[in-house]
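Try each task before you read its solution.

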Amino acid sequence: MAKLCAVCVKSDFLCSGCSKKLEREEITKTDIAVSRVLAKLGVAADYVKVVEDAKSIIIISERKDVGTIIGRAGKNTKKMSEMLGKEVRVIENAEKRQMIEKIVRSPIIGINVVYAGSEKYRIRMHKTKQRVSTEILSAILGKSVEVVFE
């Protein structure tokens, strides 16, 4: 699914249609930046979703497009990181558990749904020194996230 029209990908301005998508929050400024960078690099692949925090951008893509976006020996992701000013990672759109494990780079013990006023996920992990961004996990899962180390 194309995030931006062909005109907006190649220009620095948004047409009225893409501007309305941005206003309705169907796309984000990060979607716009990633789409434009992919076009500049000549990468003919699409992605499902882009999420970011202060230090990184994670591109979620279908299996067939992951390798194309990454590029040979990570060439495209390295260039994207330079152009966007953040670490760029690409993961396959898969089950929640698999995506979480790829994001945190560590196996998880389990995912529980907690009903305390509002529904949220509790992700149970082994103690690790790895930084875990609840902001990114919440954006991917669409609900509040609590990480518990056991």
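**Exercise 1.** Which residue is the bridge partner of Ser-61 in β3?

*Solution.* The model is predicted: local features need pLDDT of at least 70, side-chain atom pairs count only at pLDDT 80 or more, and totals for chains, interfaces and linings use all residues. Numbering runs from 1 along each chain as its sequence is written, and side-chain values use heavy atoms, without hydrogens and water.

Step 1. Find the strands, which are DSSP runs of E with at least two residues, numbered from the N terminus. β3 spans residues 87–92.
Step 2. Check the pairing, which requires at least two DSSP bridges between two strands. β2 and β3 pair in the parallel sense over six bridges.
Step 3. Read off the partner of Ser-61: Glu-92.

**Exercise 2.** Find the pairing sense of β1 and β2.

*Solution.* Step 1. β1 covers residues 49–52, and β2 covers residues 56–61.
Step 1. A hairpin of three residues joins β1 to β2.
Step 2. The two strands pair in the antiparallel sense, over four bridges. Val-51 stands opposite Ile-58.

**Exercise 3.** Sort the β2 residues by the way they point.

*Solution.* Step 1. Ser-56, Ile-58 and Ile-60 point one way.
Step 1. Ile-57, Ile-59 and Ser-61 point the other way.
Step 2. Check burial (under 20% relative accessible area, 1.4 Å probe, protein chains only).

**Exercise 4.** Locate Arg-36 and describe its contacts.

*Solution.* Step 1. Arg-36 lies in helix α3, residues 29–41.
Step 1. Contact means heavy atoms within 4.5 Å. Not counting residues up to four places away in sequence, Arg-36 touches several residues, including Leu-4, Cys-8 and Asp-12.

Technical notes. Buried means under 20% relative accessible area, exposed over 50%, partly exposed in between (1.4 Å probe, protein chains only).
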